[in-house]
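Open the model in your viewer and keep the selection panel at hand. The stops below say what to select next and what is there.

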Amino acid sequence: MAAGSCLPEDMIRETLLRLPVQSLLRFQAVCKRWLALITSSNFILAHCKHRPKHSIMLTNTWFGENYGISMIEADATGKLDHRNLPSSPMNNAVNCRGIGSSNGLLCVYVKKTHNVDYFLWNLATGKHRLLLFPPALGNYTPRTFGFGFVPEINDYKLLIVDDASFEGHLNLRAVVYTLSTDSWKEVEGVTVSRSYLGPRISVVVQGIWYDLIFREEENIVQGTSREPRKVPSILRFDMANDVFSKIEDGLPYDNACGRNMNLMEYKELLAMGVYRDEVTTFELEIWTLMKNENCWTKLFLCRPLPKIMTMMPLGFLNDKEIILSDYSTELFYDILQLYDPSTQKSSVVSTCEEFIYFETHNYVESLVSVDAPGRQAVCRCFPDMERIKPSILREQEKRKRKAGIDAFK
Amino acid sequence: MSSSAENPTLTTEITKPSTEIATETAQSAKKINLKTSDDQIFEVEESVAMEFATVKSFFEDAPSSTDTVPLPNVPAKPFSQVIEFCKEQIKFKANPDETEKKKSNSEFVKEKTNEDLVEMIPVANYLEIKDLLDVLNQAVADRIQNRSVEYVRSFFGIDNDFTSEEEALLREEHAWAFEDVDED
């Protein structure tokens, strides 16, 4: 008798949850029961939570047209793993950005000469799909965007925000794409007086999209007018209900130089990195916004840091180390550093001679499909998949059938 | 806790008939008798037995019980290995050292056969020993990770219920995932 024949299904599930994507794609061919288990949405979501959290960033060669992804792995050996973006959606690209990464899906924005494309890419399975923007929604020039899993509705959404500012007032309109229905819709925009969008990439945390906006205020020091003060606040979009709002009060730093502030995710909370490059101090503060969103807590104070004016916190690696980028004006490229707040030590990740966009995304490998649920390949291949139902359903059916037979007697 | 020098083998298998052993337990309040599905009686230190959530709640429900605790779903062979694991774990309770614990856990699984591991899983599950379940599931995952579909089928005793066309389709769809597997 084979070793495993005595194992109940939930124990098999526990073992399969610990396997990488490649093994699971192979083991779909073991038997129908395993295929049903491995392709169930429940299993796929649980599997993501078991995988190590890496960080990825988009890169490009200096003279263009060779867009790729660099990955810093969670065990932080300091090695960058590079791979190319899929070629077909990148044809004729003049620019591209990573919009967001969630449960193994990366959403990419591609600017082409006459239009703009969005595609979803699962790096682990290699599958990708273009999201066709409906012409009926008109001409959108995206200024900021976000992509992520929305736990409340168990779905993935892409938010695209167009900025039609006038006379210094922020005037945003927005479109939302929903993966489960493979559909787009326009949502109510937002107008904020005397403000503008920050230069950095936004972040989606637990189904809420956040971006920094700034308001310029007069800055008079000892009677003379200086460069205006930039007062930050946070624009917020609830992706479950498609509603914009603002977080204005209680921001940890009210006199920031926008260049050196960034939003990121830390342990499923919104975090903000503030790099102070004042005359005598060079230090990085990391704050988090508590779940109820009414109070900020200082997580770390990172110092001493090297005295580099362009230091930028990009994000966390595996909720542990902070990824810092500093742009070397002598070498003309970015140097990536990992700073560990618990030991206050930083290490240089192998320097990347490609151009790095000022963004990093959390990445876990997963089996999440880039297709909307109705169009998934496995169901097409095996129409009899319906027969493999959870045991509870089977029991119910058995009972119903029995009741039917009894009625005939 | 009695010193281990005084009592080097903590698990003494008593193969005498399973009834009427209450007098022996009375001698030492720190020992508990556990009876496996194949009627073997294990005399186990209380601290080890309390690692089994199922046994622990048995005593919480009936604190004064001095009877042998029956474990109807637990055969003796995997149970003796489970006890071996829990005895190691207890050492780390008093003196937590994550790296040492990991080392000890990996040594524990290294010397076990596939069959040993798989037989222990339902026992650890029934006795609700979470740490051991984690270790076992991970060990099985490590052993099958780079293996072929055929190896996994025979490992778990699974019959292939796909038609050859269905299986060919699955292999074709993710052909790259079938490359670079270890030899069976």
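Select E100(B) and K103(B) in helix α5 of chain B; because they are 3 residues apart in that helix, about one helical turn separates them. Helices here are DSSP runs of H or I with at least four residues, strands are runs of E with at least two, and both are numbered from the N terminus. The side chains of E100(B) and K103(B) meet in a salt bridge, with N to O at 3.9 Å. The term salt bridge stands for a side-chain nitrogen of Lys or Arg within 4 Å of a carboxyl oxygen of Asp or Glu. Side chains of opposite charge can pair when their charged atoms come close. E100(B) is partly exposed at 37% relative accessible area, and K103(B) is partly exposed at 47%. On this scale, buried means under 20% relative accessible area, exposed means over 50%, and partly exposed lies in between (1.4 Å probe, protein chains only).

Some notes on the model before the next stop. This is a predicted model, in which local features need pLDDT of at least 70 and side-chain atom pairs count only at pLDDT 80 or more, while totals for chains, interfaces and linings use all residues. Residues are numbered from 1 along each chain as its sequence is written, chains are lettered from A and ligands numbered from 1 in the order in which they are written, and side-chain values use heavy atoms, with hydrogens and water left out.

Stay in helix α5 of chain B, which covers residues 98-110, and select N105(B). Is N105(B) buried or exposed? N105(B) has a relative accessible area of 13%, so N105(B) counts as buried. Leaving out residues up to four places away in sequence, N105(B) touches F85(B), Q89(B) and V135(B). Contact here means heavy atoms within 4.5 Å.

Next, select E51(B), in the loop between α2 (46-49) and α3 (53-61) of chain B. E51(B) is buried, with 17% relative accessible area. Which residues does E51(B) touch, not counting those up to four places away in sequence? They are C86(B), Q89(B), I90(B), K93(B), E128(B) and I129(B).

Now select E84(B) and K112(B). The two form a salt bridge in which the closest N and O atoms are 3.6 Å apart. This pair links distant parts of the chain: E84(B) is in helix α4 (residues 76-94) of chain B, K112(B) is in the loop between α5 and α6 of chain B, and 28 residues lie from one to the other. E84(B) is partly exposed at 32% relative accessibility, whereas K112(B) is buried at 7%.

Move to chain A and select R215(A) and E217(A). Their side chains meet in a salt bridge, N to O at 2.9 Å. Both partners can be checked for accessibility: E217(A) is partly exposed at 26%, and R215(A) is partly exposed at 22%. Over all chains, the structure holds 33 salt bridges.

Also in chain A, select E9(A), which is found in helix α1 (residues 9-16). E9(A) is partly exposed, at 37% relative accessibility.

Then show both chains and colour the residues where they meet. Chain B gives 40 residues to the contact and chain A gives 32 residues. Together the two chains bury about 3,300 Å², of which 68% is on carbon and sulfur atoms. Buried area is the accessible area (1.4 Å probe) that two parts lose on being put together, summed over both.

How many salt bridges cross the interface of chain B and chain A? The rule finds 3. For one to select, take D134(B) and R18(A), whose side chains meet in a salt bridge with N to O at 3.3 Å. On the side of chain B that touches chain A, α6 (114-127), α7 (130-144), α8 (149-156) and α9 (164-173) of chain B each supply at least two residues. The largest share of that side, 7 residues, comes from α7(B).

Last, select residues 130-177 of chain B. UniProt lists this span in an unreviewed entry as "domain: SKP1 component dimerisation"; positions are given in the numbering used here, feature names are shortened, and annotations may be inferred rather than shown by experiment. The span is 69% helix and 0% strand, and its end C-alpha atoms lie 32 Å apart.
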